Amino acid sequence: MISVQNQVVLLTGASSGIGAACAKTFASAGAKLILAARRWERLQQLQDELIEKFDAKPQQIYLLQLDVRDRSAVESAISNLSPSWSDIDILINNAGLSRGLDKLYEGKIQDWEEMIDTNIKGLLYLTRAVVPGMVSRGRGHVVNLGSIAGHQTYPGGNVYCGTKAAVKAISEGLKQDLLGTPVRVTSVDPGMVETEFSEVRFHGDRERAEKVYKGVTPLTPDDVADVIFFCVTRPPHVNINEVILMPVDQASATLVHRQT
Ligand code: NDP
Ligand code: 8X3
């Protein structure tokens, strides 16, 4: 096992769910964290919590208000990092979202664009800005948040599933292109995790979002953070390419056992 102590971890989508859980896991292990998201107040609350409850030192946290869809903002945020933050060791491409569960031929084009711009293009922008430094320093690990939705398409999932299938292909392609370097690539692909994901998918309809998890024991964000932490702490010669994890109550993207 390798230590993440004082390693620089850039975490996108840190303001909620899986990203916030990763921040806590990595802070507890002594990593230096660049926490990126659009919601500044959420990042500030997370910073306070990390310092109060997870032993983080203020100088080990750097907050970055960033919309990953904004290519020039991503490029300038990365190129303007100070020397104590610029040598990123671990990039966790977690920012992502689903919008809607409509039939493809009835879908909202704005929903599609938001998912494609965030889940695919945002992930690519970060990867393109960060990975060259990893290659030249001869160390680094990229973790992409894929999904069971990238392996199996479900009704109404169409474009979201397409974006996660793209993440799967991009992770595989990056691994191939990094062959011959020590930089590692992992895709972590969960099934159902209870976060703000469904509330965002249903544009703030909490009642509908809660029904997604009704009668099921879903994964928690901490469950996913544990797996990510495991992947990045393997010995340097070990690359975990892909992990699919789901709740015991789930067998596929569409097969879920519910207690009634
Ligand atoms: P949440 O909605 O709880 O968190 C999503 C995070 O992404 C938020 O921090 C949000 O921050 C950030 N984000 C969204 N859009 C942008 C943007 N344009 N720029 C920067 N940050 C952005 O959902 P999860 O924690 O569940 O989702 C995290 C990842 O896990 C996503 O990629 C999702 O697809 C994936 N996933 C989720 C599963 C689930 O069942 N929950 C299962 C499989 C994969 P802010 O709004 O402040 O910008
Ligand atoms: C999130 C899991 O099955 O709701 O990626 O698409 S699912």
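Modeller: A nitrogen atom of ligand 1 lies 2.8 Å from an N or O atom in the side chain of D67, a polar contact being a pair of N or O atoms within 3.5 Å (within protein, one must be able to donate a hydrogen and the other to accept it, and residues adjacent in sequence count only if both atoms are side-chain atoms). Backbone N or O atoms approach oxygen atoms of ligand 1 at 2.9 Å for N94 and at 3.2 Å for E196. On its own, ligand 1 has 880 Å² of accessible area, of which the protein covers 96% (Shrake-Rupley method, 1.4 Å probe).

This is a predicted model, in which local features need pLDDT of at least 70 and side-chain atom pairs count only at pLDDT 80 or more, whereas totals for chains, interfaces and linings use all residues. Side-chain values use heavy atoms, without hydrogens and water, residues are numbered from 1 along each chain as its sequence is written, and chains are lettered from A and ligands numbered from 1 in the order in which they are written.

The shell holds 30 residues, of which S15, S16, R38, Y160 and T195 come nearest to ligand 1; a residue is near if one of its heavy atoms lies within 4 Å. These 30 residues divide into 13 nonpolar, eleven polar and six charged. Two or more shell residues come from each of α1 (17-28), α6 (158-177) and α7 (197-201), helices being DSSP runs (H or I) of at least four residues.

Definitions and conventions
Nonpolar A, V, L, I, M, F, W, Y, C, P; charged D, E, K, R; others polar.
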